[in-house]
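I opened my notebook to look up a few side-chain contacts and surface features.

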Amino acid sequence: MASKFRAFWNHPIGPKTVHFWAPTFKWGISIANIADFSKPPDMISYPQQIAVMATGLIWARYSTVIIPKNWNLVSVNLAMAGTGIYQLSRKLREDYSSNEAVAKE
């Protein structure tokens, strides 16, 4: 057990490096975005969610080509892209579905 912990501790993307801590703290953005799922869609910001989605997509791709592979970084960026896409879909549905309902009346 101690040898596995030592290997994890001394790994190039282990806890002694920024390559471990940066994506770990980046999970806070995805968690905050998930917490915002309960907010009304009219409070969602297009620029913010486009930035979250684009950052997630761009860096998810980048994280698959770096060596050594950083699966924590890949997963957090996929989560960011997913939550951004979901929030944008909520906002688009709200903005365009509600306009159609008002136009029909």
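I began with a definition: rings of Phe, Tyr and Trp (its six-membered ring) pair if their centres lie within 6.5 Å, and planes under 30 degrees apart count as stacked, over 60 as edge-to-face and the rest as tilted. I noted that this is a predicted model, where local features need pLDDT of at least 70, side-chain atom pairs count only at pLDDT 80 or more, and totals for chains, interfaces and linings use all residues. Residues are numbered from 1 along each chain as its sequence is written, and side-chain values use heavy atoms, with hydrogens and water left out.

**Entry: aromatic rings**

I found 6 aromatic pairs in the structure. One of them joins phenylalanine 37 and tyrosine 86 edge-to-face, at 4.6 Å centre to centre and 65 degrees between the planes. Phenylalanine 37 sits in the loop between α2 (18-35) and α3, while tyrosine 86 belongs to helix α4 (residues 71-104), so this pair ties together parts 49 residues apart in sequence. For helices I used DSSP runs (H or I, at least four residues), numbered from the N terminus.

I then turned to tryptophan 59 and tyrosine 62, an edge-to-face pair with 5.0 Å centre to centre and 85 degrees between the planes. Both lie in helix α3, 3 residues apart, about one turn of the helix. I also wrote down an aromatic cluster formed by Phe8, Phe20, Trp21 and Phe25.

**Entry: a surface patch**

Which residues form a nonpolar patch on the surface? I found Ile58, Trp59, Tyr62 and Val65, with about 410 Å² of accessible area together. Patch members have over 30% relative accessible area and no salt bridge, and nonpolar side chains (Val, Leu, Ile, Met, Phe, Trp, Tyr) are joined within 5 Å. Areas come from the Shrake-Rupley method with a 1.4 Å probe.

Isoleucine 58 is in helix α3 (residues 46-65), and its 54% relative accessibility makes it exposed. My cut-offs were under 20% relative accessible area for buried, over 50% for exposed, and partly exposed in between. Tryptophan 59 is partly exposed at 40%.

**Entry: salt bridges**

I counted 2 salt bridges (a side-chain nitrogen of Lys or Arg within 4 Å of a carboxyl oxygen of Asp or Glu). Lysine 39 meets aspartate 36 at 3.7 Å, N to O. Lysine 91 bridges to aspartate 95, with the closest N and O atoms 3.9 Å apart.

Is lysine 91 buried or exposed? Lysine 91 is buried, at 9% relative accessibility, whereas aspartate 95 is partly exposed at 22%.

Definitions and conventions
Patches are made of residues with over 30% relative accessible area and no salt bridge: like charges are joined within 9 Å, nonpolar side chains (Val, Leu, Ile, Met, Phe, Trp, Tyr) within 5 Å. Helices (H or I, at least four residues) and strands (E, at least two) are DSSP runs, numbered from the N terminus. Buried means under 20% relative accessible area, exposed over 50%, partly exposed in between (1.4 Å probe, protein chains only).
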